[in-house]
Structure formats: structure tokens, C-alpha cells
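I went through sheets, a helix and charged pairs in turn.

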Amino acid sequence: MSTPPLAFVDIETTGSHFERDRIMEVGIKSLIHDQVETWESLINPQTFIPQNIQALTGIRPDMVSKQPPFEGLVTEIARELEGKIFVAHNARFDYGFLKASFKRAGIDFKPKVLCTVKLSRLLFPEQARHNLDAIINAHKLKISSRHRALGDADLLPQFLRVCEAKLGREALLKAMNQLIGNPSLPPNIDKALVDSIPEKPGCYIFYGENQVPIYIGKSISLRGRVMGHFQGALTQRKEMKLSMQVRDIDWIETSGELGALILESRLIKERMPSMNVKLRHSKDLCARRLELDENGVLTPHLVGHRELDPGVQENIFGLFYSKREANSYLKAIAKKYRLCEALLGLEKRVEGKACFGYQVKQCGGACIGGSPIEFTIFNSRLPWSYFRFRYGLMQDLLQLKKLVICT
């Protein structure tokens, strides 16, 4: 069983943001039919190198100021990687940076990828940690230049030789082929765990170190949404950060989308995951409920999420992340159809007097008896309608079961 051509790659960068930060060194150690070739180069990142990065790598601005930028070396780097399996430790980081750099140069970079963190976890599950320092200590690898590109890249073929010596060539190649066929998963997540996630509505919870929740989301298709995070990690900064931190996944099924939305809001407020910002700081989830007033007219009232019972209550429309969002949406409807904001409860009403909207010709005059209060019925395919102002007014209106129209 022959080993396919491999390119062991490591890079040094000015930071961890592959869109904002830049590569300042690339090291490649290729293995082709048991022949070893090396390639390395400092690169001018054309941006500031933070002091902590200089202290870690030893790469100073004066060392790269006269070196070519990535665009000047892109042809050489592409030639070194062409036709080889891309091997790196925590490959998402190195691959993400190189993919973004190639893209800026107009090249679509899509090699097969092998992550040695995943390989270590698969072959040596008894190890507590699988970062590069842990692997160096566990397998007594020889360090030539730690935190320099070629020095760190040189550790990876050493690790593969250790794996072959301990487990055999056939077992090593089988594990490599298994991982190359599943490139989307983070290094700390087992494929069997993801396969067990159902394609049903619900909430999912990503845990970091020590089972601390770092992100909570909801979806009508749990497994597809979770995989969407991992696939997006190769092109999106937030998804890459999430994939690098996630250690475990849990989920809670719900009967539908609305239940998932309410559960997501409650879980985020209870557990305060670090990477959820919007819902964590939102005041309250709310909806509009149509209620009969003293004159027997259905009017919309704002209700909080604690008063909601998904799938049971009638005449509920929403959901909104805040009272402000709910009012903004209703105001948009009022302006579009010349409704009375006073009768809709959006401004204080004085009996017998016209509202402000009537004075500026944005109200049809229902507040002073100038026109009757009517009900417009919209057919809906959904028992519950969820609307957001940002999705477009007419699309939302077509999904409502009922809407009070004051004309």
C-alpha cells in the first residue's frame, strides 16, 4: 500500500483572523514516493506584526520588510502544493489562511486536506490532549525550530512515522483515508456524534473546554445546520473560531420552528454562551396577540414570551426579538396601508381627536369616525406565522391568518 503524495504545511501569521491578518512565513515539507523535499520562505505581510507574535515566532518587521508579498510567491507555493494532500496540524487554520490568500490572488485553492489533530484523536484516543506540544511530548518528536513554519511542519512527518511504527502502515493509511473523506468536521468532533443528530426541528448547543456552552442555535433541520457551521469554517471567521473551540455537541428536539425559537431564547438567557450576542442581550422575546376590546373589535396587543404557549394559542403573530422590533413592524404596516396608529396602540389616543398620522395624511381617519374599522383576512398555509420586518412586508402579510386593518 503506497503513501499518496503529501505536503506537510505550517504557516506563521500576524494574527488569527484570516481576512484581516496576513501570512508572514510558509514552510512545506513534501513526501513523494519516500523522497523528501522542502520549501520555505518569509513573506512580507504588508501589515503590522504585533509584539506578542514577534515574541512567539521570533519574526521581526525588519526580517520581512524586503521579502516578497504572498502575491509574489503565489505561483511557487501553488506548484509546491499541487497534486498533494494538504497535511497540517489543526488544518482548518492553515488551510483557511492559505485559501483566503490564494483567493485574493485570483486562485481557487481546493486540495484534499488531512488534519493531524484528527488523526491523533482517531489513533490515540487515550491521550488527554492532541495539540502539537502534547504530540511532541507523547511521541518524543525532535524539535528543530518551534513556532517557525518549516520547524513545525517537520514535526508532522515524524508523527506519521511514529503512527506507522506503532500501528502499522495499513492501519495508518486506513485512518488517513477515513479522515480525508470527512474533511468538514472540527478536529475534536467525532463523525458518529454528528451522524446521530436528527434532521428535525430543535436547538443545538456547542460546548467548549470543561463543557462550557459557547454557542446555542436553532433550526428546522438540526444536523444540516450543525454541518453548515463546520463547512462555513473554511471561509468565515466566526465559524472558524467556533469550530476551533467546540469540544462537544448536544441538542433538544422541538415540535416545530416556533418552539425552537422560544427555546433558543430561553437557553441563551439561562446559559449565556460566549458567542451568542444578539439574543443574550435582547430584553425579551415577544409577539402580537389579537384581543377583543370593549367595542368588540380585535386589536393587537404586545405579549412577552412567558405568556406564549406554542401551538395552543390562537391569534398570535410574531416572533420579535424586542418590543422595539415589534413596534417598528406594526408602524411599517400602518404607514403602508394608511392605518391609524392610535387605534393600533402605537400612540396615545385622545377620544374625538385626530391622531398625528391623520394630520400628515398617513391615516384614513378611523380615529375620528371618518371611516369604518374593517377586518381583512389573509389565507395562510401555516398555523403560526413568523414575521420579520427585514424579510419584506408583502411576503409577511401573505402568511398572516388575520390582521386588523383600520381604514
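**Entry 1: the open sheet**

In what order do the strands of the open sheet of three strands lie? I note that the model is a predicted one. I read the order as β7-β6-β8, with antiparallel pairing. I then looked up the edges: β7 (213-219) and β8 (248-253) each have a single partner strand, so one side of each has no neighbour in the sheet.

How many bridges join β6 to β8? I found six, between strand β6 (residues 202-207) and its antiparallel partner β8. As one entry in that pairing I noted C203, whose bridge partner in β8 is I252.

**Entry 2: helix α12**

Next I asked which strands helix α12 lies across. Helix α12 (residues 257-271) lies across β6, β7 and β8, and runs at about 165 degrees to β7.

I checked the length of α12 against expectation. With 15 residues at 1.5 Å a residue, α12 should span 21 Å, and its end C-alpha atoms are 21 Å apart, which agrees.

Which residues of α12 are buried? I listed L258, G259, A260, L261, I262, L263, E264, S265, L267 and I268. I also looked just past the end of the helix, where M272 takes a positive phi of about 50 degrees.

The side chains of R266 and E270 meet in a salt bridge, at 3.2 Å from N to O. The two residues are four apart in α12, which means that about one helical turn separates R266 and E270. As a general point, an α-helix has 3.6 residues a turn, so residues three or four places apart point the same way. For accessibility I noted that R266 is partly exposed at 39%, and that E270 is exposed at 51%.

**Entry 3: other salt bridges**

How many salt bridges does the structure hold? I recorded 14.

Which residue meets D133 in a salt bridge? R146 does, with 3.0 Å from N to O between the side chains. This pair links distant parts of the chain: R146 sits in the loop between α6 (132-139) and α7 (149-167), D133 sits in helix α6, and the two are 13 residues apart. R146 is partly exposed at 22% relative accessibility, and D133 is also partly exposed, with a relative accessible area of 40%.

I then took up D108 and K99, whose side chains meet in a salt bridge at 3.8 Å, N to O. The cut-off for a salt bridge is 4 Å, so I kept the pair. Is K99 buried or exposed? K99 counts as buried because its relative accessibility is 15%, and buried means under 20%. D108 counts as exposed, at 56%. I also found that K99 and D108 belong with K110 to a network of salt bridges.

**Entry 4: β9 and β11**

Last, I looked up how β9 and β11 pair. Strand β9 (residues 286-292) and β11 pair in the antiparallel sense over four bridges. Among the partners I noted R288, which has F317 of β11 as its bridge partner.

Terms used:
Residues are numbered from 1 along each chain as its sequence is written. This is a predicted model: local features need pLDDT of at least 70, side-chain atom pairs count only at pLDDT 80 or more; totals for chains, interfaces and linings use all residues. Side-chain values use heavy atoms; hydrogens and water are left out. Two strands pair if DSSP finds at least two bridges between them. Contact means heavy atoms within 4.5 Å. Axes are lines fitted to C-alpha atoms, for helices over the stretch in contact, and angles run from 0 to 180 degrees between N-to-C directions. Buried means under 20% relative accessible area, exposed over 50%, partly exposed in between (1.4 Å probe, protein chains only). The expected span of a helix is 1.5 Å times one less than its number of residues.
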